[in-house]
Structures are given as structure tokens and as C-alpha cells.
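Try each task before you read its solution.

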Amino acid sequence: MATAACWALLGWLLLESVVASTGATTKVPLQRQDLTNFNTTDLAQRIRTRRKNRAAASFLSRWWPAPVVDAQEEEEAVERLRNHKNLLYVGKVDIGEPAQEVTLVFDTGSSDLWVSDKAFTEQQSYTWQPTDYNVAIMYGSGSVAGYYGTDKVCLQPSSLPCIPRQPIMLATVTLQIQLDYMDGILGLGFVGISHVHRTFLRNLNESFQDLTFAFQLRPDHSEGGSFVYFGEFDEVMAQGFLETGIAKEQVLHAQVLDLFKIPDMQHLQAGWWLAELRAKVMGQPKNLTSLRFRFLLHSWLLVAFLLTCAYLSQRYCKIYYKGTGRPCCDCCCSTLWCLCYLLGAIYLINFFVVVFSVGDWMERPVLAAFDTGTSLISMPTADFLSVASTMFGEKYFTDCEVVRGNLVCDCSIAPKVRPLVFEFPAGGSIVLRPSEMFVKVGQTHDMELCLTGLAANPQPIWILGDVFLRQVFAVHAFKRREVALFPYHPEKVAETLETWGADEGGAATTVAAVATLVAAVSALWALRRGKEPEKMAEPLLPPIRPEVS
């Protein structure tokens with residue numbers, strides 16, 4: 001045992017000496033900008049009201065899920081919240097000749113390089129070459145517009161080769177993008193999502209045989225700070241082993257998907273650093289039956305509506321024109337009856353789909369993009385309710401608010417939230433505990449509020465932002481179209497499995513849901529097949545007709 005430990009130590013020392021002697025990787029420091037100007041007073045008051053209404057509100061009104069705050073209702077607070085959640089990791093870049101230093105976000109979720117015209121003056125650079133190519137770029141929380149040109153770009157420190165003619169968009173208009181802590185964005189994605197073919201990575205790749213870069217993102221309170229490394233594949237991978245100390249078999253690998261068709265290129269191209277993973281929540285909430293029953297109560301409202309609608313349509317069909325035997329408003333009655341059934345069937349099907357998804361996020365494949373320009377874990381809107389209710393249980397309804405798709409909760413509920421797990425195709429998992437996902441945004445006299453790390457987006461893919469990437473040393477191999485993740489704490493997977501087992505639950509709710517569906521259909525069918533409308537009795541004697549004289 002001791003001999004093995006000695007050999008392992010010797011191996012690490014040799015590896016460290018090799019990396020130190022080659023000096024082939026370039027280490028670019030990053031600075032985390034934590035925006036803390038979020039006013040939490042109104043949001044805390046809404047959560048307090050939600051808790052209070054559990055006892056004071058009517059029996060049915062309390063079962064509605066946490067609402068989405070209207071944009072106009074909370075414009076100022078939402079703006080500050082959006083600023084806060086953008087925990088930016090920025091680095092220094094020199095543009096032009098003579099060099100003008102700008103601060104850019106290093107973003108693997110985009111591929112364009114743009115800088116604000118307030119930070120870079122093109123007239124002061126004699127290497128700037130303007131073009132007439134005007135572009136508008138849309139981001140998840142804002143947009144920019146301007147025109148492209150080319151100029152010299154150098155990353156700091158200067159050991160990396162400069163790019164003499166890099167396409168740069170000079171942004172003359174920025175909407176809903178704060179420039180207090182950055183001057184622009186350096187996109188580190190592929191050509192599939194770029195407005196120009198000569199992306200920064202394609203140009204930088206010409207100076208390398210196997211261009212690879214890695215992000216090491218840390219909170220401010222961690223030692224060492226945050227960095228991005230550039231170099232050859234083997235050297236950057238060696239750096240990952242040095243930083244994490246894990247074994248080779250513990251490294252997680254994912255292949256980047258080529259999904260974009262570019263007109264001038266023969267094959268499909270990559271855009272985001274997008275891979276197929278499997279996402280799951282550890283176990284199920286212990287209160288799964290109660291959680292689903294909150295939604296199930298809505299079905300009784302549905303049944304009451306359908307029965308009332310059916311009764312009224314049948315009731316008025318029993319009114320006949322005097323002496324004719326024909327029902328009054330026959331066409332209107334049939335139309336109303338059909339409408340009751342149509343709307344009821346659509347709503348009932350949709351409702352039961354929602355009921356069985358609440359609190360029961362099963363392990364399933366997802367398309368996930370690794371994005372250093374996003375702070376949270378953003379998922380499709382269709383997945384958000386299921387994932388959030390499974391992780392948070394009843395706390396999702398009582399201690400949280402959804403603000404423009406971002407889930408904000410009382411920080412004190414973190415120990416009761418279930419972990420989120422991502423499994424990789426080649427084996428291995430990343431476990432995200434609530435303590436690693438929650439980001440404090442402010443506090444009042446009796447409550448601390450946190451961003452939970454979860455958000456909803458209208459896109460069909462998951463976006464794994466800094467909440468995820470801070471748990472790993474993330475290696476991106478440009479030519480290989482591959483992502484290699486070095487977990488800092490791989491032992492967390494086994495520990496989490498022991499702590500959070502899959503709980504039994506949901507059987508009673510399943511039976512109740514099926515019983516409700518059967519009762520609703522049976523009642524409607526019985527009402528439909530019940531007593532037919534009574535026709536006017538035939539007269540005992542034929543009507544007296546006047547004789548024709």
C-alpha cells in the first residue's frame with residue numbers, strides 16, 4: 001500500500017515537472033464580477049404573504065403553483081435581479097495598434113467577438129479595417145447591434161500569439177446589457193452560431209496543432225482565483241490532472257454534436273459546446289402524494305364545470321315549442337354539448353399529463369450546452385416545473401417565487417432541496433448539491449433570498465452555466481469536438497447516493513387520479529345516456545277541423 005502511494009506521488013511530481021518545464025500552456029486570469037445591487041424587499045414580502053395565505057386563503061386558491069411575476073409589475077427589481085445573476089467572468093484583451101485594453105466576457109455560449117464603441121475607439125487604431133457588414137446579435141437577456149471590422153487582437157498575457165486580422169463587431173447600440181463591468185464579449189463557440197466564418201477560435205487554431213482551452217472558475221472566496229488555459233491538448237489535460245488530483249478513469253468525456261448547416265461548408269458544423277447527457281433528481285420527494293394532490297384538486301373544478309355545462313345543455317333541450325314536439329334551440333343545445341365535451345377532454349388530458357409530471361422528474365436524456373456566459377442552469381420551460389417541483393417539493397409552492405423564469409427562494413430551505421445529477425455517456429456523473437447552486441442575492445430583517453441556480457428558457461436545450469462549471473475543471477478540445485470534465489470532488493456521487501435514496505411515493509395519488517378520471521367520464525356518460533327528453537303526449541281525439549261548406 002505504501003509502495004503504491006510512493007509511486008503515485010512520484011508520478012505526480014514527474015508530471016508537474018514536465019508541465020512546468022514545457023511552459024506550453026498559457027494561463028489567462030479571469031475576474032468574477034458579482035453584482036449585488038438587488039433590492040429584495042418586495043420579493044421577500046411576496047414569499048411571506050404566500051406562507052401566510054396557506055392558513056388564511058380559501059381551500060382551493062392555495063393550490064396554484066408559484067406564479068411568474070409580470071415584467072411590468074416588477075420592472076426595477078427584475079432588472080437588478082438579472083444583473084445580479086450575471087456573475088461575469090471577464091478577462092483583459094488588447095485590440096488594435098497601439099493596443100487598447102478592454103474587458104471582455106469569455107463566453108463559450110456564443111462565437112462572435114464584439115466590443116462597445118465606448119470602450120474601443122477605432123479612429124485611434126491604424127490597423128482597424130471597417131466593413132459595411134451590419135449585424136444585430138440577440139442574447140438571452142439583451143441584444144447588441146453594430147458593424148463589423150477587422151483588427152489585431154491579443155490576449156493577456158502576451159505569450160499567446162496575436163491574431164492580426166480578427167473580425168470584430170463594433171457595437172454602437174446595446175439593449176438590456178449592462179456595460180459597467182464589461183466592454184464586450186469574446187465568443188469561444190464554433191462557426192455554427194457565428195455571424196462570420198473566421199471566428200476567434202478558428203484563427204487562434206492556426207497557431208496550434210491541437211488547440212485546447214480549459215476554464216477553472218472559482219468563487220471569489222476560493223484560493224487561486226479563476227483562469228482560462230490555452231495550449232495543446234495533452235498539456236491542457238495534464239494541467240487538469242494537476243489541478244484536481246483525480247485518476248484518469250474519473251475524467252468525464254462528452255462529444256460535441258454537429259447540428260448546423262453552413263451554406264459554404266460541406267458538412268454539418270458545431271455551434272454550441274453541446275452534448276447529450278442524462279439528467280435526474282436524486283430520488284423523489286417524500287411528500288409526492290401530497291404534492292400531486294395539490295394539482296389533483298383542480299380536476300374536481302373541471303368535473304363540476306363539465307357537469308354544470310352538460311346539465312344546462314340538457315335542461316334547455318327539454319323546452320319544446322308548444323304544439324310542435326320539436327325542442328327549442330336544438331342546434332344551439334347540440335353545439336353547447338359538443339363544446340363542453342371538446343374543451344373538457346382537451347383540458348382533462350393536459351391536466352393529467354401535468355399531474356403525473358409534478359414531483360416525478362425521471363432520468364431522461366437532455367441536450368446540454370456548456371456555457372461560461374450563463375450563470376445558472378437554464379432548462380426548457382416544459383421541463384422546469386417537473387424538475388423544480390421534484391427538487392423542492394412543497395417548498396416550491398410556499399417559499400419560492402419565479403421571476404422572469406428564474407427561481408428565487410428563501411435560502412434557509414437549501415438543506416431540504418434534493419440534488420441534481422448529470423450522467424455522461426461514457427460513464428460518470430456530476431452531482432450538484434443545493435449548497436453549491438444557491439447564490440445569495442440579498443436579505444431583509446427576517447429572510448435571506450437566494451437564486452437557486454435554476455431558470456427556464458424558451459429554447460429546446462439545457463444550458464449549463466457557471467453554477468455547473470464551478471464544480472469542474474472544464475477542458476474544451478477545438479479540433480476533437482470534445483469536452484473533458486475533471487470533477488473537483490468525484491467522491492460526492494457516492495456520498496449523495498447514500499444520503500438521498502429514492503423514496504416510495506405516488507401510488508395513492510395514481511389511484512386517486514385514475515379514480516377521478518373514471519368518475520368524471522362515467523358521470524358525463526350517465527348524464528348523456530340518461531332520461532331522454534319527454535315529448536308532448538299525443539291527443540286522445542284527433543283535432544276538430546272545421547267543415548268546408
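Helices (H or I, at least four residues) and strands (E, at least two) are DSSP runs, numbered from the N terminus. This is a predicted model, in which local features need pLDDT of at least 70, side-chain atom pairs count only at pLDDT 80 or more, and totals for chains, interfaces and linings use all residues. Residues are numbered from 1 along each chain as its sequence is written, and side-chain values use heavy atoms, with hydrogens and water left out.

**Exercise 1. The whole chain**

Task: Find how many helices and strands the protein chain has, and what share of its residues is buried.

Solution: 
- Step 1. The protein chain contains 13 helices and 23 strands.
- Step 2. Buried means under 20% relative accessible area, exposed over 50%, and partly exposed in between (1.4 Å probe, protein chains only).
- Step 3. Of the 549 residues in the protein chain, 50% are buried.

**Exercise 2. Helix α8**

Task: Check the span of helix α8 (residues 381-392), then work out which of its residues are buried.

Solution: 
- Step 1. The expected span of a helix is 1.5 Å times one less than its number of residues.
- Step 2. Nine of the 12 residues are buried, so α8 is largely enclosed by the rest of the structure.
- Step 3. Among the buried residues are Phe-384, Val-387, Met-391 and Phe-392.

**Exercise 3. The disulfides**

Task: Count the disulfides in the structure, then describe the cysteines of each.

Solution: 
- Step 1. A disulfide is a pair of cysteine sulfur atoms within 2.5 Å, and the structure holds three of them.
- Step 2. Cys-154 pairs with Cys-162, with 1.9 Å between the sulfur atoms. At 120 degrees about the S-S bond, this link is right-handed. Cys-154 is buried at 11% relative accessible area, whereas Cys-162 is partly exposed at 33%.
- Step 3. Cys-400 pairs with Cys-409, again with sulfur atoms 1.9 Å apart. Cys-400 has a relative accessible area of 0% and is buried; Cys-409, at 0%, is buried too.
- Step 4. Cys-411 is joined to Cys-450, S to S 2.0 Å. The torsion about their S-S bond is about 105 degrees, so the disulfide is right-handed. This pair links distant parts of the chain, 39 residues apart: Cys-411 sits in the loop between β16 (406-410) and β17 (420-423), and Cys-450 in strand β20 (residues 448-457). Both Cys-411 and Cys-450 are buried.
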